[in-house]
Amino acid sequence: MKFKSNPYLLVLFLPVIFIFLIRISHAKSNKAENIVLILVDGYRWQELFRGAEHDLLLSKKYNSGDSLERVNKYWDDDLTARRKKLMPFTWNYISEHGQLYGNRDLGNFVNVKNPYWISYPGRAEVLSGSVDSAINSNSYPNNTDMNVLEFLNGQNGYRDKVVTFACWGATGRCLNKENSRMLISVPWENIPGNNLTEAETLANEIQHYAPKTFGEDERLDFEVYALAKSYIKSKHPKVIYIDFGDPDEYAHSGKYKNYLDDIHNLDEMIGKLWKMMQADDFYKEKTAFFIVPDHGRGSGDQWTDHGSSVEHSNETWFMAMGPGIPAKGEMKMKTQIFQDQYAKTIAGLLGFDYTAPKPVGEAIESVKK
Ligand SMILES: [Zn+2]
């Protein structure tokens, strides 16, 4: 062929080859290969979008200690500055690089679809992508409905790379742990295996020394964080479900400052996890975060509670960030999303079409477009 021996022709084709290569790399970086699903039990959209609530922050009923310290830490008259004080990573970084849904002040509505507005049914809805009305309490036994984690664990390249670190024993039942091959870590299980890193060994150890503040069946969020982070760093799972629970517990006990402190810490932990994964070639620019609660809470004095008898506690939010998720920031369009739509959306980010024996909520189009 003449082409081979003619260097001028090659020069002519170089721009075409260059554009082709850019397209390939662009396409590659535009789809997530890994996903971290983070659940924050019972955290309200009100604090996420409005920051600390004035009356609750000053309330003597819901706080002990120095109100000046609380006000300095979490209050600002300006709403934008106030929510940034409470959740700096969310409002400095996710809002620049991802999407935030559920600000009802803007008409952007996210709701629980199941009729119970409590934790087990909420998790079941998030994970299975459907509402099973039989799942009506937190003491429900094994949930045998298909869930998106089990579905992903069955896909090529994802086998045995889907893991869960949960604060709560019920999360294990919700994922049918007893009959699953996936690693589903619930209190007080250690990261299994013999060749553990120092960080994994330490995470395993400290959970047994931490106080059982919320009872025998619940690990504190920092323990879940230590287990998940050390495991991710050493084992490189591709789908990670991290299940946090302290905000719900502090709210039930009517401790507003603790509720705020915990979400402030979780925001920082999520930021540090993101940073660690972006510094790791295995995850860098190939990993999406999807952050959700399981239900909302009431307003006014009912902020402590949730459930079908507590008005507004079916109002929620979610955030998403990573490849394939355009940076749109705080979503301002009037819309209605339900949490049974997350499962199909999450699988779709990885390029899979999640279906289950029961009808599954539609993928949320605006997350990808
Ligand atoms: Zn609760």
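Author: On one side of helix α11, Glu198, Glu205, His208 and Tyr209 are exposed, meaning 12 or fewer other C-beta atoms lie within 10 Å of their own. This is a predicted model: local features need pLDDT of at least 70, side-chain atom pairs count only at pLDDT 80 or more, and totals for chains, interfaces and linings use all residues. Residues are numbered from 1 along each chain as its sequence is written.

Reader: OK, and which residues in α11 are buried?

Author: Glu200, Ala203 and Gln207 are buried in α11, with 20 or more other C-beta atoms within 10 Å (C-beta atoms are placed from the backbone). They sit on the same side of α11 because they cover an arc of only 55° around the axis, taken from the directions from the helix axis to the C-beta atoms.

Reader: What do those buried ones pack against?

Author: They pack against α12 (221-235); contact means C-beta atoms, placed from the backbone, within 7 Å. Helices are DSSP runs of H or I with at least four residues, strands are runs of E with at least two, and both are numbered from the N terminus.

Reader: Switching topic, what's the strand order in the open sheet?

Author: The order is β8-β3-β11, three strands with mixed pairing; strands pair if DSSP finds at least two bridges between them. β8 (315-316) and β11 (335-338) are the edge strands, each pairing on one side only.

Reader: And how many bridges join β3 to β8?

Author: Two, and the strands run antiparallel. Asn111 has Glu315 in β8 as its bridge partner.

Technical notes:
Two residues are in contact if their C-beta atoms, placed from the backbone, lie within 7 Å.
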